[in-house]
Amino acid sequence: MSSSALPPAVPGGSRSPVHVSVHTYPAQLQYPPRTYLVFAVLVTIFCFFPTGLVALVSALRVNTLWKAQEHDKSRKASRRARNWGLLSLAIGIVAVIVVVFWSSINYLSL
């Protein structure tokens with residue numbers, strides 16, 4: 001048995017790098033992104049209609065794009081639905097705070 005066939009036992013010796021193959025799943029086996037459809041409907045009705053409508057349209061496009069094998073566009077539509085929904089929610093919360101503050105000022109000035 002020759003000693004050159006064995007890997008060196010010294011730390012930091014000359015070992016070849018280990019090649020690991022990373023298994024990636026085909027796009028058909030991956031899960032579709034979240035649609036945020038319920039969230040979009042709720043913020044459209046209760047918070048702020050114009051930005052909620054954009055969130056709603058984006059949420060409705062997610063599954064359609066996923067089934068058409070346009071996975072990147074589907075993920076982008078999901079992010080867009082979430083972001084526009086959060087913007088609608090923030091506008092709704094700010095509007096409620098402003099109305100409550102304005103009402104309390106008017107009530108105290110009577």
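**Entry 1: S78 and its contacts**

I began with S78 and looked up which residues it touches: leaving aside residues up to four places away in sequence, S78 has contacts with P33, R34, Y36 and V62, where contact means heavy atoms within 4.5 Å. S78 sits in helix α3, and I took helices as DSSP runs of H or I with at least four residues, strands as runs of E with at least two, both numbered from the N terminus. With a relative accessible area of 6%, S78 is buried; buried stands for under 20% relative accessible area, exposed for over 50%, and partly exposed for what lies in between, with a 1.4 Å probe and protein chains only.

I note here that this is a predicted model, in which local features need pLDDT of at least 70 and side-chain atom pairs count only at pLDDT 80 or more, while totals for chains, interfaces and linings use all residues. Residues are numbered from 1 along each chain as its sequence is written, and side-chain values use heavy atoms, with hydrogens and water left out.

**Entry 2: the chain as a whole**

I then looked up the overall layout, and the chain holds three helices and zero strands, giving the pattern α-α-α when read along the sequence. Of the 110 residues in the chain, 20% are buried. Among contacts with a separation of 6 or more, residues 24 or more positions apart account for 61%. The accessible surface comes to about 8900 Å², and 68% of this belongs to carbon and sulfur atoms; the areas come from the Shrake-Rupley method with a 1.4 Å probe, and for residues only the protein chains shown count as cover.

Which residues does S58 touch, not counting residues up to four places away in sequence? I found A77, R80 and A81 on the list. S58 belongs to helix α2 (residues 49-67) and is buried, its relative accessible area being 5%.

I also checked C-alpha distances: S58 and R82, 24 residues apart along the chain, have C-alpha atoms separated by 8.8 Å. R82 lies in helix α3 and counts as partly exposed at 31% relative accessibility. For V96 and C47, which are 49 residues apart along the chain, the C-alpha separation is 9.2 Å. V96 is placed in helix α3 and is exposed, with a relative accessible area of 52%.

Next I looked up patches, which are made of residues with over 30% relative accessible area and no salt bridge, like charges being joined within 9 Å and nonpolar side chains (Val, Leu, Ile, Met, Phe, Trp, Tyr) within 5 Å. A nonpolar patch is formed by L37, V38, V41, L42, I45, F46 and L60, which together have about 680 Å² of accessible area. Its largest share, six residues, comes from helix α1 (residues 37-46). F46, a residue of helix α1, is exposed at a relative accessible area of 64%.

A patch of positive charge gathers R61, K76, R79, R80 and R82 on the surface. Helix α3 (residues 71-108) gives the most to the positive patch, with four residues.

**Entry 3: salt bridges**

How many salt bridges does the rule give? I took a salt bridge to be a side-chain nitrogen of Lys or Arg within 4 Å of a carboxyl oxygen of Asp or Glu, and the count comes to two. One joins K73 and E70, with the closest N and O atoms 3.5 Å apart, and E70 is partly exposed at 31% relative accessibility. The other joins D72 and R75, again with the closest N and O atoms 3.5 Å apart. D72 and R75 both lie in helix α3, three residues apart, about one turn of the helix. D72 is exposed at 63% relative accessibility, whereas R75 is partly exposed at 29%.

**Entry 4: positive phi angles**

Most residues other than glycine have a negative phi. I therefore noted the exceptions, since most such residues are negative. Y36, one of the residues that S78 touches, has phi near 55 degrees, a positive value, and lies in the segment before α1. Q69 has phi near 65 degrees, also positive; Q69 lies in the loop between α2 and α3 and is partly exposed, with a relative accessible area of 45%.

Technical notes:
Lys and Arg count as positive and Asp and Glu as negative; His and the chain ends are not counted. The place of a charge is taken as NZ of Lys, CZ of Arg, CG of Asp or CD of Glu.
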